[in-house]
Amino acid sequence: MNEDATQSSKPLPTPPPSPTHRVVLLQLLLIHSDYIEFEAKRPTKVAEDVPDDAKSGRLEEALCAFIAVEKYDEDDPQAVVAQASKEIADVATQVKAERVMLYPYAHLSSALSSPDTAVKVMKGLEAALAGEFQVMRAPFGWYKAFQLSCKGHPLSELSRSIRIGEGEVVSEALKAESKVVSHWKILTPEGKMVPVEDFDFTGHEKLQKFVRYEIEKARAVDRIPPHVELMRRLELVDYEPGSDPGNLRFYPKGRLIKALLENYVLDRAGDLGAMEVETPIMYDMEHPTLKKYLDRFPARQYAIDAEKKHLFLRFAACFGQFLMGHDMTVSYKSLPLRMIEITRYSFRREQRGELVGLRRLRAFTMPDMHTLCTDMKSAVEEFGKQYAASISVLDDAGLDLKDYEVAIRFTRDFYQENEDFVKSLVNTVKKPVLIETWDDRFFYFVLKFEFNFVDALDKASALSTVQIDVENADRYDINYIDADGAARRPIILHCSPSGAIERLMYALLEKEAMKAAAGEVPMLPVWLSPTQVRIIPVAERHQARAFQVAEALNFRVDVDDREETVGKKIRDAGREWLPYVVVIGDDELASGELTVTIRAKSQPKEPAKAGMTVDELRLRLQEETAGKPWRRLPLPQKLSERPKFV
RNA sequence: GCCUCGGUAGCUCAGCCGGUCAGAGCGAGUGACUUGUAAUCACUAGGUCGCGUGUUCGAAUCACGCCCGGGGCUCCA
């Protein structure tokens, strides 16, 4: 559930538009006319009271705006007026019309607003446009006769739906957010709490970048993020224009890496004692509990209408696991009780301009673990364990403490009672940490941390996170039976040990891009490399031995049997970041040994070559991949049989 | 959602003050070469110039709308 785990760097909640405020619409049909003429014939029962001289009218060379005010407009008529008047003015200017006819036209909508709202909006539009144009308004709620002559040029007929973005609907939670006051400090391993402005960042440049990103929102980017080029060039992941933006396609190699990371995080969660579950990806907007929850903090959702239900796609696994938790019978003996799901996918309809490669998506894969704890003491203890586990998970994935910055955020009250604990967290990482404190609790949690990766373009994004949630047990009516037989509310931890899997891939690629820029040789950890060993037979007569070695190694080994020169094959292997490249020619045939190029020891232009036996190479691979999940080669073993995906 | 830049062959891109402007390199296919650590040579095929509408005698080129991507703003449980 937790956005930070996956997608954002900031802990503040998105202003939650309530689901009922979700869409605000006004339907417009704009006709550029030679003339428009109407006459009100007789009133309907909702008719607006108007003087006789307003019951008919005619405009020459006018833009005629047929308007249906919709039910949803009732939430914010002013915003609708502002938006719609701008739209009408834009078109009128474009077609060089000096006159505008506002014509209420109910048939454009199937969900009309109340007549009061409609009249209010119509009058609002009239007032808003009056300054710039000659405006006439046909009365609302009358049966009217009209004549219209459409000019018939390309822009003469346009229809518009005015949509007011969710963010403009001010909900209770948004109002609360604007009152949030954050205090920013740096906490050092020695336990000193220093205001950020007084902290000497010498030697902690990445932390400084992160802090600036967080507080000052410093951004300066003028190029495509390196990982976007890499994800395509390495044939891992790509954009999918046939879908919605931010929904990506994964090629076999990308799918392999993602699957390995998913399985690895699941394994590690299992080590912590988590039970894997699976929950639906869509939920009923009208479900009473979810409705309250959505009111509290929706990201922007994807909505789906199905038969009689109005559904939304989940943005985390919280829904499913909390609903499950609500129905479970849990004894205190079961606590701490941990459940995890790798959400494939979590959906958030992030704004178009925010989407970038693997960093920020609309559909992403998030390990989402929830832990029920008896009380705050137990929750804090569990928090410490999951903090340590997150460090270890990232380390195995290829990111160590130098690669990310730690943020710890809490309420003032929490800190007063747990100061030593917070300091111990900082001591664990042995480097200064960004601290954000709130005077009051505006969010559902009292304590959280995130690990924030700072990329090649100095952008920060959150990976691992854990939060202590003191609110949702109540909201979902989750309880456990204590030793005395009484039902009690647990404290709930939200944890994503790695953050979103896509984002982890992004971080790995960005890290390697930074290494490459610094003159080092980039590569993925051996356990994640789609091909672990490539064998290059020098001539056709060496192929049999190549396949024999491939089989004996029993890892992800492929054979470059293409009709290319050895030089070409070596170069291609380098471009694919192959950890081990074995060339087999007459010499190897004779000696039985292997000539292996070891990427991890190579420098640019200086491949590190070593002679070793098949067994030695196999042992080496076993050591480097011990304890990690394994999957078979994701592509045909013979390079000659492989398609190109990009 | 707004602003801005871009979309030309599978990929990277040139052409773009309207008129042999439909091109290059890589990739792909075919043939030759049987190859020892960052690109072997030759030939061939491939494109509604993102989509639509308009302006014009004539549009890849100009205008408008839309779609997709990059960046910025906003936003970022």
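User: What do the buried residues of helix 14 pack against?

Analyst: In this predicted model, they pack against strand 25 (533-537), strand 26 (557-559), strand 27 (580-584), strand 28 (594-598) and helix 17 (614-625).

User: Which residues of helix 14 are called buried, and what makes them so?

Analyst: A546, V549, A550 and L553, within residues 543-553, are buried. The term requires under 20% relative accessible area. They are called buried because they fall under that cut-off.

User: What makes A544 and E551 exposed, and where are they?

Analyst: Exposed means over 50% relative accessible area. A544 and E551 carry that label, on the other side of helix 14.

User: What follows helix 14?

Analyst: N554 does, and its phi is positive, near 60°.

User: What is the volume of the second largest pocket, and which residues are closest to its centre?

Analyst: The volume is about 660 Å³. Of the 29 lining residues, I570, R571, G574, R575 and R599 are the closest to the centre.

User: What makes a residue part of that lining, and which element gives the largest share?

Analyst: A lining residue has an atom within 4 Å of a pocket point. Helix 15 gives the largest share, five residues. Helix 6 (226-233), helix 13 (501-517), helix 15 (566-575), strand 27 and strand 28 each supply at least two.

User: How does the lining divide by residue class?

Analyst: Into 16 nonpolar, five polar and eight charged residues.

Terms used:
Residues are numbered from 1 along each chain as its sequence is written. Chains are lettered from A and ligands numbered from 1 in the order in which they are written. This is a predicted model: local features need pLDDT of at least 70, side-chain atom pairs count only at pLDDT 80 or more; totals for chains, interfaces and linings use all residues. Side-chain values use heavy atoms; hydrogens and water are left out. Buried means under 20% relative accessible area, exposed over 50%, partly exposed in between (1.4 Å probe, protein chains only). Helices (H or I, at least four residues) and strands (E, at least two) are DSSP runs, numbered from the N terminus. Contact means heavy atoms within 4.5 Å. On a 1 Å grid over the protein atoms alone, a cavity is a set of points where a 1.4 Å probe fits but cannot get out, and a pocket is an open set with protein on both sides within 12 Å along at least five of seven lines; lining residues have an atom within 4 Å of a point. Grid points are joined across faces, edges and corners, and a volume is the space filled by probe spheres set on the points. Ala, Val, Leu, Ile, Met, Phe, Trp, Tyr, Cys and Pro count as nonpolar, Asp, Glu, Lys and Arg as charged, and the others, Gly among them, as polar.
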